Amino acid sequence: MPHHLSVRIDPNSGFCFGVIYAIQMAEDLLDEQGYLYCLGDIVHNDEEVERLERRGLRIIDYEQLAGLRREAVLIRAHGEPPSTYQMAMENELTLVDASCPVVLKLQNRIKTSYDKQDRIFIYGKHGHAEVRGLLGQTSGNAVVFESLEELLGHELPSSLTLYSQTTKSTDSFYRIKNELTERGYEVNANDTICRQVSNRDKDLRRFAAQYDQVVFVSGTKSSNGKVLYQVCKDTNPATHFISKLDDLDYGWFTPGQSVGICGATSTPMWQMEQIRDALLAL
């Protein structure tokens with residue numbers, strides 16, 4: 001008995017322009033030279049990384065980078081700290097820089113701010129690739145925090161400068177800023193959140209509300225995926241998180257239901273299409 005589900009992919013889901021740009025650069029170079037080194041996962045999505053690895057992408061870490069000589073290495077959209085560029089020079093490496101322009105602009109702002117001796121606090125995830133690049137602009141002197149509680153655990157100066165990782169939630173950022181102001185701190189807040197990411201909150205709420213069931217597709221490593229999945233789940237409790245086709249449980253659906261498929265800024269469109277096709281084939 002066919003289910004006859006009606007299935008639609010969210011047109012606003014899928015790669016942000018920074019990731020599209022990095023993957024395009026990688027694919028062009030793979031076509032040209034057959035292999036390419038990339039520092040860290042090109043995108044926080046295992047399925048997409050595996051697809052590119054089959055085409056010759058070689059993911060390396062800092063230790064492996066230190067051992068390379070005279071090779072081309074891709075810098076992914078998340079950006080890198082100055083120390084990486086320094087090492088590349090010393091090892092005669094050619095860097096193919098696919099750092100996202102939004103991230104580069106933020107790195108420059110933080111560096112300028114640090115040179116003025118501002119006391120810098122960065123709202124972001126400890127150890128995250130982008131955050132490492134931001135922290136590097138301050139020679140590791142900025143304070144990274146993941147929540148208001150964590151921030152208040154630090155000895156705070158009366159005047160501080162606030163920045164944010166580009167993929168954080170705007171709501172949380174302004175909540176933190178307002179709380180600090182209410183507590184009497186002088187806050188120079190720089191909202192450096194990428195609008196392509198933050199607007200997805202609102203788009204996703206609208207999208208998720210329209211369907212009987214929602215399938216949210218994202219790599220398990222994606223911070224942005226965790227945040228956006230929560231947005232969907234809050235809007236529509238019948239939201240299911242999957243990171244690959246095998247995670248799909250056909251028991252979630254009943255005949256005649258409408259299903260919306262959406263994902264993170266690191267979810268490739270081909271993956272959402274693959275899931276759509278599997279559901280339409282029921």
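Arg-70 is exposed, with a relative accessible area of 56%, where exposed means over 50%, buried under 20% and partly exposed in between, computed with a 1.4 Å probe on protein chains only. This is a predicted model, in which local features need pLDDT of at least 70 and side-chain atom pairs count only at pLDDT 80 or more, while totals for chains, interfaces and linings use all residues. Residues are numbered from 1 along each chain as its sequence is written, and side-chain values use heavy atoms, with hydrogens and water left out.

Arg-70 sits in the loop between helix H3 (62–67) and strand S4 (72–75); helices (H or I, at least four residues) and strands (E, at least two) are DSSP runs, numbered from the N terminus. Although Arg-70 is not a glycine, its phi is positive, at about 45 degrees. Most residues other than glycine have a negative phi. Gln-117, likewise not a glycine, has a positive phi near 65 degrees, and this residue is found in the loop between H5 and S6, where it is exposed with a relative accessible area of 69%.

## Helices H1 and H2

Two packed helices are described by the angle between their axes and the distance between the axes. For helix H1 (residues 17–33) and helix H2 (residues 46–54), the axes come within 11 Å and cross at roughly 20 degrees; axes here are lines fitted to C-alpha atoms over the stretch in contact, and angles run from 0 to 180 degrees between N-to-C directions. H1 and H2 are therefore roughly parallel to each other, a label given to angles under 35 degrees, whereas those over 145 are roughly antiparallel, those from 65 to 115 roughly perpendicular and the rest oblique.

From H1, the residues that make the contact are Ile-23, Glu-27 and Leu-30, and from H2 they are Glu-48, Arg-51 and Leu-52, contact meaning heavy atoms within 4.5 Å.

## Salt bridges

A search of the whole structure finds 14 salt bridges, each a side-chain nitrogen of Lys or Arg within 4 Å of a carboxyl oxygen of Asp or Glu. In one of them, Arg-51 pairs with Glu-48, and their closest N and O atoms are 2.9 Å apart. Arg-51 and Glu-48 are three residues apart in helix H2, and so are separated by about one helical turn. Arg-51 is partly exposed at a relative accessible area of 22%, whereas Glu-48 is buried at 1%. Both residues also belong to a network of salt bridges that links Glu-27, Asp-31, Glu-48, Arg-51 and Arg-55.

Elsewhere, Lys-111 forms a salt bridge with Asp-115, with 2.9 Å between the closest N and O atoms. Lys-111 and Asp-115 both lie in helix H5 (residues 101–115), four residues apart, which is about one turn of the helix, and Lys-111 is partly exposed with a relative accessible area of 37%. A further salt bridge joins Asp-277 to Arg-276, where the closest N and O atoms are 3.1 Å apart; Asp-277 is partly exposed at 42% relative accessible area, and Arg-276 is partly exposed at 26%.

## A buried glutamate in H6

Glu-130 lies in helix H6 (residues 129–136), where Ala-129, Glu-130, Val-131, Gly-133 and Leu-134 are buried. The cover over the buried residues of H6 includes H5, strand S6 (120–123) and strand S7 (143–145).

With neighbours within four places in sequence set aside, Glu-130 is in contact with His-78, Val-103, Leu-106, Gln-165, Thr-166 and Thr-167.

H9 and helix H10 (residues 223–235) pack at an angle of about 30 degrees, and their axes are 9 Å apart. That makes H9 roughly parallel to H10, and their crossing is right-handed. Where the two helices meet, H9 contributes Val-197, Arg-200, Asp-201, Leu-204, Arg-205 and Ala-208, and H10 contributes Asn-224, Leu-228, Val-231, Cys-232 and Thr-235.

Arg-200, placed in helix H9 (residues 195–208), is buried yet has no salt bridge, the nearest side chain of opposite charge being Asp-203, 6.1 Å away. Beyond its neighbours within four places in sequence, Arg-200 is in contact with residues including Asn-12, Phe-15, Leu-228 and Thr-265.

Conventions:
Lys, Arg positive; Asp, Glu negative; His and termini not counted. Left-handed = near helix turned anticlockwise from the far one by under 90°.
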